[in-house]
Structure formats: C-alpha cells, structure tokens
Amino acid sequence: MMRNTDQTKDKRDDGLPGVSKGVGGAGRVAGLLASGSAKDSKGTFSRLLKNVGPFKWFFITAIILTLLASGAQIFIPRLIGDIINIITSVFQKDIGLDWIAFKKVAIILVLLFIVQFSANYFSSVLLIRMTQKLIRSIRDQMQEKLNRLTLNYFDRSSTGDMISLLTNDLDNVSNTLQSGLTNSLTAIVILVGVAIMMFNIHVTLALLALIVVPVSYLLVKYLVKKAKPIFQRNANLTGHFNGQIEEIYNGEDIVKHYNLGNELKEEISALNERLYESEWKSSFVSFLTRPAGDLILNANYVLIAILGGKYVISGVLSLGAFQAFIRYTQMLRNPFTQVLGILNTIMSALASAERIFSFLDAEETVQTGMETIDIGKTTGEIEFNNVDFGYTDELLFKNVNLKVNPGEQLAIVGTTGAGKTTLVNLLMRFYEIEGGKIILDGHNTKRYHTDELRKAYSMVLQDTWLFSGTIRENIAYGATISSEKELCDVPLEEIKAAAKLAHADSFIECLPDGYDTMLTEGATNISQGERQLLTIARAMIKKAPIIILDEATSSVDTRTELFIQHAMKELTSNSTSFVIAHRLSTVHDADRIIVMDKGSIVEVGTHTELLDRGGRYAEMYTAGQL
Amino acid sequence: MILQYAKKYSALIVGQLFFATVWMLSQLAIPRLMVDIIDYGIMVGDMSQVVQRGMLMLLATIANIVSLLISIYFLTRVTAGISRDLRSDLFERIIDWSKQTRGSFSNSTLITRTVNDVKQVSILIDMSLRKIYTLTITVIGAVIISFSIDVKMASIILVIIPIIFILALRLTSKALPKYSRIREAIDRMNQRFRENVTGIRVVKAFNKSDYETKMFQEATKEACQANVQAESTMMLLSPLVLLFTNILILILLYLGGVRAVLGTITVGALIGLIEYAIMALNNIQQFASIITIFPRSKVSIDRIQEILSTDEVLRIKETTAGFKENVLRFNDVDFYYPNSNAAVLHDIHFELNKGETKAVIGSTGSGKSTLIRLMMRDYDTYRGQISYNGQDITSLSKTEINHIVTHIPQTTFLFSGTIRENLQTGKKEATDDEIWEVLNMVQMGDFFHQAGKGLDFYIAQNAVNLSGGQKQRISIARGLIRETDFYLFDDCFSALDYSTEKKVRQAIRKKLSDKGVLVIAQRVATVKDADEILVIDNGKIVGKGSHRELEERCPVYQEIITSQKKIDKGGAK
C-alpha cells in the first residue's frame, strides 16, 4: 500500500489511541467512553459488511430464521387467546367444548412452537459460527498486518494499545455481531408485530398501549443523559484508583523504607471513600432507568386491564382477545429496553471496528525489490554510499559513507543518540533509506526482497527478546526453515552445537529439563546473562555472512560476562561483523573503529590510530566512557 | 468471609431484602388481581369490580416501583460499601507487610486481588441479593399462588420446574469447561501477539513472520472452535425453556378445557395459571444462567481470603536499651530465607561508624543485596545480631529504622507526579532550594532547568520519559535529601557512565562526610576509594581491608579485578 507522507500523518492522528492516554486504566476507560462514536460510521459499516461478505449466506439465513422465530412469537399469544375463547364459550353458552376447533388451533400452535424453537436455535448457531469465523479472520489479518507494518508504527504506538485492539475492540465487534444485531432485530420485529396484533385486536387499546413507547423512550433517554457524567466520573475514579494501587505496590521498597505507608494509607482511604460514593451512585443511577420504565409500563397495564375489562363486558372484545392483548403488553417490556440500547451498542461497535480498520490500514513496508540472494556466495562486503535517513522529516544521516570489507570486524562507538542503532536499522532494512545506496557485494540492496536480504544477516540485540516456549525452540528460532516445517524439526545436534559455540550449553544442561526447559514470558526464569547467551546461540545457528551485535551493558556477573564475550567472539569470527561496542576489549580487538556523533561518522581507524589522533575517540577513552 | 463483611451492613441488607420481597410480592399480586378481574368482573359483567380491582392493581404497581427503588438504594450501598471495605483492608494489609511476610506474592497478583477480585465479589453480592434472592422468591411465590388457585393444575407446573432446572444446569455445566478452553486459547493468542509486537525486530531479522503467523493461526483456530462448541451448547438453553413453557401452557389449556366442561375451573383461574407458569419458568432460566457465578467467584474469594489471613510475621521485641553509640553493627549474622535450610549469609561481622564509607563487592548472587535487606529489617530469619546505635534492630519499629537509615535501592522506582513530589517522598517538608541542591549533586539540576518546567517536571508512570541513568540519579537524590545517620547505596550507579558516576560519588562524599555510608557494587572502580571494602563470596566475607590491602592478599578480590580488567582491557582470550 503506497501512501504519501501527508496521508500517513493523518493516519497517525486518527489511528491508534496515543500512548499518552493517562495514568493506569483511567485513560483507557475514559477513552472508551469518549470514543463511543465512529468518525466515519458509514464507511466503517460498509467495510464491516464487506468483511461479512464470505459469510453472507450464513448471515442472511440467520436473519430469515430470526424473523421466522419472532413471527411465531407474535402469533402464539393470539392463538392461545383463541383457545381461551373456545373454553370461555363453555361458560357463556352452556354448550360442550368444541374439541375439534380446540384441536385445530392446538396443532397450529405445536407447529409454531417447533418452528420457533428450531428457528431460534439454528439462527443462534449460524450466527455464532459466522461471527467466530469472521473474528478469526480479522484476528489473522491483524497478526499478518503486524509483520508488514513499518517499524515507525511500533515506535509511536504502545504494545498495550495494540493488544487492546485485538482484545477489547474485537470483542466489542464480535458481541455486537453475535447477539447485539439479532437481539435488536428481534426487538424491532416484535415491536412492530405486536403493534400490528394490538391494532388488529382493538384500536383504542392499542393506541393506549403504544403511547408508552415514545414516553418511556424519552424518559429513559433523559435519565441516561443525566447519568452519563456520573458514569464517566466513576470510570475515571476507578482508573485513577487502580493506577495508584499499582504504582504503590510496584514501589514497595521506597514505600516501606521511606515511611510512606501511613501517608499513602490516608491518601488511598480518601480516594477509596470517593470511589465508594461514586460507585454506589453510578450503579444506583444505572438501575434507575428500569423502575422508571417499569412505572410507565405497569401503570399502563392497569389502565388496559380496566378499559379492556369494560370492552369485554360490553361485548366489543372477546375474553381470549383480551388475554392475548394483556400478553402483548407484557411482550413489549423486554424488546423495548433492547431497542433503547441498540444505537449505543452499534455505535460503540462501529467505533471499535474503525480503530481496527485503521490499524489494518496503517502504513506498510514497501518492497522495493523482489530479487533473491545466494547466501553461499555472499562475501559480506558492505558499502554505504551517500546515505540519507531520518526518522522524522529532519534527517539524522546526511551523506553517510562507509565501506566494510568481507570478514572485517567493525566496532561502532558513540554516545546515546549518535546513530549507532540507526546504522543497524538501516543495514537490516528495518527502515528504508531516503537517499544514497547501501551496497552488498556490489549490488544495491534495494533490489532484494527484504526477506531475502535479511538471510544475509544474523543479529544479537541488547534487548534479549525470547518467546515463551522451550529453550530448544528459542535457539531453533534462528535457523532458516521452510514455512511448512516446525521449530522442532531443527535437529537437536544442530541446536546443541550452536549452544556449545555460544557457551550456553553448560547452563542449559544444568537446568532440570535441559533443552526442553520452558521459558516463561519475558524468560524471567533464567538470568539476564543466560538470556543473552541464548540470543547468541540463536544468532549462531543461522550461520550468516554478516553479524550485527549490540553489546550487552546490563549488569551481569563477571563470570557470565566473560562467557558472553567468548561467545560473541566465536560468533563473529568467520563473518563480517558490526559491533555496537560498550567495552574497551571489543574496541581493542576490532579491525576498525568508527566513532559516531549526531548521525555522522566523525572518526574511523584502529584503536591506536585513533588514540594518536587525539580526537573524539581519545576524549572518550580518557573520560572513561568506554 | 463475605458474611463477616456483610455484618456491618446488616441493617441495610435486611432493608434491602425486605423491600425486595415487597417488590416481588406486589409483582406477583398483579396477575392474581387479574384473575379476580376476569372472574368477578368480566365474567359476571360487573364493571365496578373491574375498576375496584384495577385500583388495587395500581396500588400494587406503585408499591412495586417504590419498593424496587428503595431496595436498589440499599443494595448499591451494600455492594459499594463491602467493596470499599475489602479494598481498604487489602491495601492496608499489603502495604504493612514486610518483605518476609509478602513472600512470593507478585505485584501483579496483588493488584488483581485488590482490584479485579474485589469487583468479582461485588458482582457476586449484587447477584445474590438482587437476582438470586428475588428469582427464588418469585418462583416459590408463583408456585404457591398457583396452588392457591388450583392444586391439580399447579402440580403440573411444580413437576416441570425441576426438569427445566436440571436441564439448564446440565447444559451450563457442559459448556463451562469449554469456556476455560476458550480462555486458554485466547491467552495463548494474546501472548503470541504481544511477543510478536515486542520482538518485532527479532522476528523480522530471522524472517519468522510466517512462522509467527502459523502459530498465531493455530491459536485463533482453537479459540474459534471452542467458542462455537461452547456457545452452541449454551444457545440451546433459552429456546428450550421457551419450548417447555409453551408446551406447559398447552397442557394447562387442555386440562383447563376438560375441567371447564366439568365446571371445576374458572377462566380467570386458567389465565392466571398461565401467567404464573410463564413467570416461574422464565425465572428458572435466569436462575440457571446466573448460578455459574458461584464457582467463578469462589476463586476470587479464596484469593482475597489468602491475603487477609496472612498476618505480619515480624514482631517488635522489647529489649533493654543498649549503649548510645554511633555505629551500625552486624554481629555474627547467618541468614536463611524463610522455609529454607541453606544459609545465604554466613558469619557476617562488621561495623559501620558514622563518618565512615564502607563498600561491599561481590558477584551477583553472592548475597550483597541481602545484607541491605537485613539492615532494613525486611527479614527476621537470621541468627546473630544486627544493631543500630547499640539497639537491636528487632526492638525497633519500622518507623524508627527508617529514621536512622536511608536505603537507595537497586531497582529505581519513581512515582508518577512532579519531580518535586517525588523528592518530597524523601523529605516531606523539603523546600525547592533543598531539592535543587540534591538534584545538582546528582548532576540532574541542569536537565530540569533546561526542560523548562523546573521542579514541576512531570514524571510519567514507570518514568518512561526518563532514561535509566536519569531515573537512577533521581532515586539517589531522593535518598540524599533524607536526613538519617546511615545511607545504603545498593548497586545504584550501574546505569551511569564513569564520568557522571565519579561526579555523583564525589558529591555524595562531600554531603555525607559525617554519616555512615555503605556502598554495594560489582565494579572495582566504584568501591576503590572506600575506607574499607568487604569482599563477599557465596555469602561469606572473604576479605576485608582497603583496596591496596585486598589487591595484595585477597584472592577473590584479585579475581574480580582480573576478570574486570580482562573485560575492560585485554579482551576475552
């Protein structure tokens, strides 16, 4: 999908809820309340329909069945009324019961019962199947989208917000599709059907009965409007409270050791008291709409009973019709409240759908080339030729030139923000350069498909990302496997060999389950140093001609640190390597060192050369910044 | 447990139940009055009876609404009140726990318990008092009134009720395990998605997008299937109940017809019976779908209970005051983690006088940080004696200890709020001048001057708007602003570069020249200048002395030096 920059910017604004949504849950809840309506409901709606497309027939059948069931529901009271009339005639006319007529109606009734039951059941089942399949397909689309997004997107969105799209927003859409829509449909059909039946029975009574509809609609609407600020306040307060609690629990040491306990208790207790007030008020108010509606409906019921009674006595109305009418007034009760909720439900689902769609529409990485690469023949010669790049409109890299020979080890030093990581991002083509060329073995890398280009690289980052799975799977993750194969198809010997080279084998074998040890999310069940060794083993198994290493600075004990050093050496020994260096030893051993500052390469040379030059490097060295 | 909390609100609850009963009774009365309208009014053509009963119905309606309002008022106060009490009891208990008592409760489980579990309990109370109670009353009431109308016909209703009830329960219990399968599949799916987001660079670098997609789709497929299965089962419930209700009505009509010929039933009675049958069955269905809340809430209740029954284990002992002296003393301390036999620290013996700077060095896992935990009295499970100024630490209250010693922890934690508020957690009445002074000491003064907002600079939650080094320095400043006799720096220079660390340490030395300072570190450079260095290895002090002395005669210290030299200078050969 190609987009010019302006459009991209627009997407940024109306896309995901920003990171700065506030503290704790407060922002989120407030956000949900505030974002009750979609900006382009029509567009979103038609797009949602398009997604329903493949399941069109499911949907249409379900709707027909729903209509059928509601129809049956409307006729049943009337027919029961007929039977009652048959029975009443026994008393009024003093003749025997007309069993034939009774039987006739009863048979129709039984048929209607069966129709109603099966239509109800099958329409729900169809809707569930449809919705679940639809949701599954949207989920899959979202995940696939995830891996096609530009990294820019990740830089400006929070993980939580993306997850929330997958969970909250999608749930919202699925609930509406699964039950919300049919419930509303049933409600409307019944409302209309009942109205027709009522008019059919008696016009005056029907008018009297239906007058409640607009009256209680207005009343409830008024109440909901009045109540909204109360709900909102409660949601905000709840979010605030949860945020505070979370923070205090996280700051356990400071809270305990700086004597903050009592002060915080007072603070939380005051907040809790406010929360109590708002909580009971908001739930009271939310219940209030019901008695308000009930009052009108019930008062009306009494009026109908009296007036209807009068009509029966005067012979205008049969007793069966009267009974049926009473039933119909009762049937108005439920659909009525549902109709009131429909609009809100649909609007909020549309808002959710819009958020999901804007995620699905976000800018994707553009494939500039489709060529494949022959890894066996790649020597690992890399050249930056007048490279321009910036994360924003402002360029960070201007005319960067650099040539690295096959098998050379290049150390990159510089302060934070100097552009070290950017260099890596560009090599891996996580971001596309804006000017100039990056050349691999004499070919402009733009001509390759990114998947192909990345086969040439192996990478170890400071951030030791591992996924929840076994150690074996985590190492195998580095191996190049075809898409039909599983991670467990990577031979264990290969994994063990990589672990050995990475000096990770000794600690793995000490674990109770060895290579089959399950790592928890974030791999918190092994130490930071061990995590680093695993990421090195993972890079090792790839056997790529070019290695990118971001040296670990996190405090691990010296023994493990030595291991990591050894492992990194092993990893880089046969390849061209780029090492973001934090240790003097790495710099020392590197074939060449480049010093970066504010996006430019300011110095290039060996350790001794650079020291002798007495420039930026020498300055850093004496200041102990290495 | 819930009963215990409910006790405080017993008056409100009694009120709620009373008005809920009135509400239900008036609800039940309405069809009954309808029976009379038909039988005594309509059937005999007496309009005055119709109007009279109609008025009674209106009365019942009004009573119905009023009692509903009152009962809901009581109800919301009870549920919100119990939630409030639970929240505050949980919070106050948790915040008072020592590290030892807290044991293995993680932050996230504590938050879940204080927030989500309490919410679940409040839903349970609301459901029990409002729904379950009124549903039960309605069903019983409807059956009783049916019996009062006609015993024989009512017994049919009575037979069908348990059938529907059991059917509903069976369906629900069949679907319940499937719901947990859905939960698992969805958790797996979310986890994969989250990991895909956080590891996006690695996923891309190793070309694993397709693999991630495959794994994700397995989870979504499973979620989809489990969902379809569970919901298809549950969806049977409501149409089935409706079918039963309709059949029951037909049976009642048939029997009514037979009886009408015999003249043993009135039309009004028949209509009334139908109304009550619908009412009873409808409520049974609701009852069955609500009842699943009990197993779900049980988990929450148990988890809350677990917190509330965990009492603080550390006690303040009464001892005679020792000599007044300015020293922190460890006297042959052996430390064991609670419920563990393996000692983490052995024979720790040292003194820290005011005006001295001592350092502790050792590799990770050697027990350095545990020393500080003991000094802060996070744990009591040790042998030997730890004392401040001659007083045994176990005889001091938390507050007293906190007035003697300042701990600057390894993991930096800052509150969301302004930088001023954050530093005032160190010293409540600190003035802006004092705050600027310590910020300058940690080389952060310029940063906040330049940032424009001065001390109103807002620190976001988890301090995401500051770098690791900045957080660490603010944390140090917050410690320095406190006025205590001793200061413990727990490996809190690790994110600072050498030159900044040097400046910060110089400032600390100047400010704390007459205090006792203990610095814990992994790097030789950090501890080098201390008056005395303790080398800890495997929980034992294996060397004590100045940098020079240790360099000469302590093998572990020498190892540390060489390993760091190797890393810093010689490379890993």
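A word on conventions. This is a predicted model, so local features need pLDDT of at least 70 and side-chain atom pairs count only at pLDDT 80 or more, while totals for chains, interfaces and linings use all residues. Residues are numbered from 1 along each chain as its sequence is written, and chains are lettered from A and ligands numbered from 1 in the order in which they are written.

I'll start with chain B. Its secondary structure comes to 21 helices and 12 strands; helices here are DSSP runs of H or I with at least four residues, strands are runs of E with at least two, and both are numbered from the N terminus. The radius of gyration is 36 Å, well over the 25 Å that the globule rule gives for 573 residues, so chain B is more spread out than a compact globule. That radius is taken over C-alpha atoms, and the rule is 2.2 Å times the number of residues to the power 0.38. Along the principal axes, the C-alpha trace of chain B spans about 115 × 65 × 55 Å.

The contact between them takes 4 residues from domain 1 of chain B and 6 residues from domain 2 of chain B. Contact means C-beta atoms, placed from the backbone, within 7 Å of each other.

Now the two chains together. How many residues does each chain bring to the contact? Chain A gives 117 residues and chain B gives 114 residues. On the chain A side, the largest share, 25 residues, comes from helix α11 (residues 261-313) of chain A. By class, that side has 58 nonpolar, 35 polar and 24 charged residues. For the classes, Ala, Val, Leu, Ile, Met, Phe, Trp, Tyr, Cys and Pro are nonpolar, Asp, Glu, Lys and Arg are charged, and the others, Gly among them, are polar.

One residue to look at is Ala260(B), in helix α9 (residues 237-262) of chain B. Is Ala260(B) buried or exposed? Ala260(B) is buried, because 23 other C-beta atoms lie within 10 Å. The cut-offs are 20 or more such atoms within 10 Å for buried, 12 or fewer for exposed, and partly exposed in between, with C-beta atoms placed from the backbone. Apart from neighbours within four places in sequence, Ala260(B) contacts Ile87(A), Val90(A), Phe91(A), Leu97(A) and Ile265(B).

Last, the sheet in chain A. This is an open sheet of 4 strands in the order β2-β1-β4-β5, with antiparallel pairing; strands pair if DSSP finds at least two bridges between them. The edge strands are β2 (397-404) and β5 (443-444) of chain A, each pairing on one side only. Strand β1 (residues 382-389) of chain A pairs with β2(A) over 5 bridges, and 5 bridges also join β1(A) to β4(A). Strand β4 (residues 435-440) of chain A pairs with β5(A) over 2 bridges.

The sheet can be followed residue by residue. Lys403(A) in β2(A) is the bridge partner of Glu383(A). Glu383(A) also stands opposite Ile439(A) in β4(A), and Ile439(A) stands opposite Asn444(A) in β5(A).

Note on methods: Contact = placed C-beta atoms within 7 Å.
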